[in-house]
Amino acid sequence: MTETAVYAAGGVVWRIVDDKVCVLVIHRTKYRDITLPKGKVDPGEMLAETAVREIREETGIRVSLGVPVGVSRYRLPSKRTKIVHYWAAEATDAAIRSSAFVPNKEIAAIEWLSPKKALMRLSYPVDVEIVENFLRLIDEGVLRTFPIVALRHAKAVSREEWKGKDAARPLAPRGKKQANSIVGPLLAFGVRRIVSSPATRCMKTVAPLSSALGRTIDTTKLISQDAWEEGKSDARTVIGDRVRSRRPAVLCSHGPVLPDILSELALATGTLRGSYLGSASALEPAAFSVVHLSVDNPGSGIVTIETHTPKV
């Protein structure tokens, strides 16, 4: 019988100093090594929120996640496999200034290094590989990105159980739990703008996020299921607005509308369409796909897409 894997998450935290990229490494007290900030998943957490929490706990810096930069796997002394997911994460000047880091029993020091120096000084080959993946983002000119998140509404009461209008169908008890569980992961990607179908099940899905952000929900019938069924939906207009804004946003919609949203994201950014769009739009209730786009040149295509499904 194989032992279950240990899951963890972290990041390649970066900043620009004098027009040059620097990355953050940590010096661990107990192990006397130099590594990337990371840590184990807490019960109920999704990987993205683990990464943000661990980076803040170990470095004092609050970040939003950018593009995923790889997964490392290695054997622990216990013979279990440790699987660590990493993201690129920019440290803004404001976040660095507000960091309250002091050396402690876990982390002796944090240090900003050029990527070249980091590659030489990191203690483990798995970390080197992650930083090499990160360097490809620089080479390709897509280091600075912003996310547009396509979110399917959480589990709703079934049509058979509901006697009223379909648009008024509420969330099931499981759906309410899902809506709360995705707040942390969506915040991890720096989402600030919330756009939703006016259907009750969509509005209730993003209500906890709206409350956490202290921001209102922008509703639009253009991505509603009613409009889609009547042939009046218009994902293109909604996506065009979001891509032009170059700001992190989440779009909460319905299963039948999601393929249009992903397709329009590809078209708006000059991305070749393929089967990956089908995978990214075939979401379970409360699951979401994060579409990363270049801040400097959104028309250069989708940088990458990652999909997250709540554990609830």
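Leaving aside its neighbours within four places in sequence, which residues is Leu 151 in contact with?

Tutor: Some ground rules come before the answer. This is a predicted model, where local features need pLDDT of at least 70 and side-chain atom pairs count only at pLDDT 80 or more, while totals for chains, interfaces and linings use all residues. Residues are numbered from 1 along each chain as its sequence is written, and side-chain values use heavy atoms, with hydrogens and water left out.

With neighbours within four places in sequence set aside, Leu 151 is in contact (heavy atoms within 4.5 Å) with Ile 182, Leu 186, Thr 205, Val 206, Val 250, Leu 251, Cys 252, Ser 253, Leu 258, Ala 286, Ala 287 and Phe 288.

Leu 151 also belongs to the largest nonpolar core, which has 32 residues. Such a core is a set of buried Ala, Val, Leu, Ile, Met, Phe, Trp, Tyr and Cys residues joined through side-chain atoms within 4.5 Å; buried means under 20% relative accessible area, with a 1.4 Å probe and protein chains only. Leu 65, Leu 151, Leu 186, Leu 209, Val 250 and Phe 288 have the most contacts inside this core. Elements giving two or more residues to the core include β8 (145-152), α6 (183-188), α7 (200-213), β11 (249-253) and β12 (288-294). Helices (H or I, at least four residues) and strands (E, at least two) are DSSP runs, numbered from the N terminus. Apart from this core lies another, of 24 residues, among them Val 23, Val 25, Val 69 and Leu 137.

Among contacts between residues at least 6 apart in sequence, 68% join residues at least 24 apart.

Conventions:
Buried < 20%, exposed > 50% of the residue type's maximum accessible area, 1.4 Å probe, protein only.
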